[in-house]
Amino acid sequence: MVKFYSYIDDHEKLKFAVICAKTDGKFVFCKHKMRDTLEFPGGHREPEEFIVDTAKRELREETGAKDFTLEPVCIYGVKEGNADETYGMLCVADIASFEPFDSEIEKIIITDTLPDNWTYPTIQPYLLEELKRRNLA
């Protein structure tokens with residue numbers, strides 16, 4: 001289950017950043033080298049890293065984004081089964097230019113259609129719906 005929050009009292013609980021990135025009005029999705037699925041750019045926060053810096057770093061590492069704007073949107077929480085809820089920051093980005101990159105990402109897909117094969121189908125489609133609800137996607 002995915003929930004959305006405008007505020008969280010302990011920013012150390014923010015473990016992930018996910019970025020709904022676009023370029024020229026089209027979505028930018030990542031295809032990991034070890035998977036056949038697509039996902040939004042994003043990843044884990046490093047110790048002592050501000051979560052917006054995590055989002056910027058992950059966007060560069062996973063897409064090769066060179067010139068871009070990035071804005072945090074909201075905090076999301078994910079609770080699966082009996083596990084504790086985990087938290088992340090949902091961001092939007094507009095990428096103006098790219099440069100070559102070398103990471104765990106095999107390639108990026110730039111498209112105006114949404115994937116049928118999400119890497120995280122119980123999370124990322126709900127993040128996108130929240131962005132649509134806010135007129136940000």
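Guide: Helices and strands here are DSSP runs numbered from the N terminus, a helix having at least four residues and a strand at least two. The model is predicted.

Visitor: Which strands and which helix each supply at least two residues of the lining of the largest pocket?
Guide: The largest pocket holds about 440 Å³ of space. Its lining has 24 residues, and those closest to the centre are Phe16, Val18, His44, Tyr76 and Tyr120. The elements that each give at least two lining residues are strand 2 (14–23), strand 4 (42–44), strand 5 (65–78) and helix 2 (124–133).

Visitor: How many residues in the lining of the largest pocket are charged?
Guide: Asp, Glu, Lys and Arg count as charged. By class, the lining has eleven nonpolar and six polar residues, and the number of charged ones is seven.

Visitor: Which residues form one aromatic cluster?
Guide: Rings pair if their centres lie within 6.5 Å, and the structure holds five aromatic pairs. One cluster is formed by Phe27, Phe29, Phe40 and Trp118.

Visitor: The charged end of which residue sits over the ring of Phe27?
Guide: Phe27 belongs to the aromatic cluster with Phe29, Phe40 and Trp118. A charge counts as over a ring if NZ of Lys or CZ of Arg is within 6 Å of the ring centre and within 35 degrees of the ring normal. At 4.6 Å from the centre of the Phe27 ring, the charged end is that of Lys22.

Visitor: How many residues apart in sequence are the parts that Asp102 and Lys33 tie together?
Guide: The side chains of Asp102 and Lys33 meet in a salt bridge, at 3.9 Å from N to O. Asp102 is in the loop between strand 6 (86–98) and strand 7 (105–111), and Lys33 is in the loop between strand 3 (26–32) and strand 4, so the separation of the tied parts in sequence is 69 residues.

Visitor: Is Asp102 buried or exposed?
Guide: Exposed means over 50% relative accessible area. Asp102 has a relative accessibility of 73%, so Asp102 counts as exposed.

Visitor: Are Arg57 and Glu49 buried or exposed?
Guide: Arg57 and Glu49 form a salt bridge, with their closest N and O atoms 2.9 Å apart. Both also belong to a network of salt bridges that links Glu46, Glu49, Arg57, Glu58 and Glu61. Buried means under 20% relative accessible area, and both Arg57 and Glu49 are buried.

Visitor: What separates Glu129 and Lys132 in helix 2?
Guide: Glu129 and Lys132 form a salt bridge, the closest N and O atoms being 3.8 Å apart. Because they are three residues apart in helix 2, their separation is about one helical turn.

Visitor: Where does Glu48 lie, given its positive phi?
Guide: Glu48 is not a glycine, yet its phi is positive, about 70°. At 71% relative accessibility, Glu48 counts as exposed. Its place is the loop between strand 4 and helix 1.

Visitor: What distance separates the C-alpha atoms of Asp53 and Asn135?
Guide: Asp53 is in helix 1 (residues 51–63), while Asn135 lies in the segment after helix 2. Asn135 has a positive phi of about 60° although it is not a glycine. Asp53 and Asn135 are 82 residues apart along the chain, and their C-alpha atoms are separated by 24 Å.

Technical notes:
Residues numbered from 1 in each chain as written. Predicted model: local features only at pLDDT ≥ 70, side-chain atom pairs only at ≥ 80, totals over all residues. Heavy atoms only, no water. 1 Å grid on protein atoms, 1.4 Å probe; cavity = no way out; pocket = protein on both sides within 12 Å on 5 of 7 lines; lining within 4 Å. Points joined across faces, edges and corners; volume = space filled by probe spheres on them. Phe/Tyr/Trp six-rings, centres within 6.5 Å; stacked < 30°, edge-to-face > 60°. Salt bridge = Lys/Arg side-chain N within 4 Å of Asp/Glu carboxyl O. Buried < 20%, exposed > 50% of the residue type's maximum accessible area, 1.4 Å probe, protein only.
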